[in-house]
Amino acid sequence: MSPESNDTGKDADAMDDIEVTDPVSAPDAEGRPRRTTRRFPLFTRDTARPEGGGRAAPGDAPAPARQWPILAVLGTVGLGLLLTAFDVFRYGTLLIGAALLAGAVLRWVMPGVGMLAVRSRFTDIVTYGVLGLAIVLLALMAQPKPWLTIPFLKDTLHYTVNSN
């Protein structure tokens, strides 16, 4: 029995010899569908759309309705920047951080988020979440009269900045 006809008897080394092809390509010379591997090709021809990068609404909906997740996050960030520009710094930066955290939640919960999907789902969630949390924490610790005080941070700054 040849190795090509027995799918169950192949070991890991034999699987590495399988040609990497497009899964929708024509069958081989004997009429069997071509086998594919999950290995990355040496040269890529295009970029894959991010997981969840489809439309957030049906295709017949207008463009803003199809991309509502990114529009909601960007609109909230824009409102936060506007508040910051009008000297309502703390609330503006809190709103920016909250918008990024909402983007992380949307990316986690929804299967299709349109242009809010930039990278893989995990990378997007971590990026939006860490940046949003950092902005919120910095907004809460902003001077004067911080709403959040971290005791060891003052000691750390005292020993690193002051040379006395």
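# Buried charges and turning loops

Hi everyone, let's begin inside the protein: R107 and D124 are both buried. Here, buried means under 20% relative accessible area, exposed means over 50%, and partly exposed is in between, using a 1.4 Å probe and protein chains only. What you see above is a predicted model, in which local features need pLDDT of at least 70 and side-chain atom pairs count only at pLDDT 80 or more, while totals for chains, interfaces and linings use all residues. Residues are numbered from 1 along each chain as its sequence is written, and side-chain values use heavy atoms, leaving out hydrogens and water.

How many helices and strands does the protein chain have? There are six helices and zero strands, where both are DSSP runs numbered from the N terminus (H or I for helices, at least four residues; E for strands, at least two). If you walk along the sequence, the pattern reads α-α-α-α-α-α. The protein chain has 164 residues, and 26% of them are buried.

Now back to the charges. How many salt bridges does a search of the whole structure find? The answer is two, with a salt bridge being a side-chain nitrogen of Lys or Arg within 4 Å of a carboxyl oxygen of Asp or Glu. One of them joins R107 to D124, and their closest N and O atoms are 2.8 Å apart. R107 sits in helix α4, residues 89-109, and D124 sits in helix α5, residues 121-140, so this pair ties together parts that are 17 residues apart in sequence.

D124 also forms a salt bridge with R119, with 3.1 Å from N to O. So is D124 buried or exposed? Its relative accessibility is 0%, so D124 counts as buried. R119, on the other hand, has a relative accessible area of 32%, which means that R119 is partly exposed. If you put the pieces together, R107, R119 and D124 form a network of salt bridges.

Next, let's look at how the helices pass one another. I will talk about axes, which are lines fitted to C-alpha atoms, for helices over the stretch in contact, with angles running from 0 to 180 degrees between N-to-C directions.

What about α3 and α4? For this pair, the axes come within 7 Å and the crossing is at roughly 170 degrees. So α3 is roughly antiparallel to α4 as well.

While we are on α3, find L82 for me: this residue is in α3, which covers residues 68-85. L82 is partly exposed, with a relative accessible area of 45%. L82 and T93 are eleven residues apart in sequence, and their C-alpha atoms are 9.9 Å apart in space.

Most residues other than glycine have a negative phi, and most peptide bonds are trans. With that in mind, have a look at D87, in the loop between α3 and α4. Its phi is near 65 degrees, a positive value in a residue other than glycine. D87 has a relative accessibility of 70%, so it counts as exposed.

Then move to the loop between α5 and α6, where you will find P144. Which residue is joined to P144 by a cis peptide bond? Q143 is the partner, and omega is about -5 degrees. K145 is in the loop between α5 and α6 too, and K145 has a positive phi of about 55 degrees although it is not a glycine. With 71% relative accessibility, K145 counts as exposed.

P146 also lies in the loop between α5 and α6, with α6 covering 151-161. P146 is partly exposed, at a relative accessible area of 29%. Now try finding R90 from there: P146 and R90 are 56 residues apart in sequence, but 9.5 Å apart in space from C-alpha to C-alpha.

Note on methods:
Angles under 35 degrees count as roughly parallel, over 145 as roughly antiparallel, 65 to 115 as roughly perpendicular and the rest as oblique.
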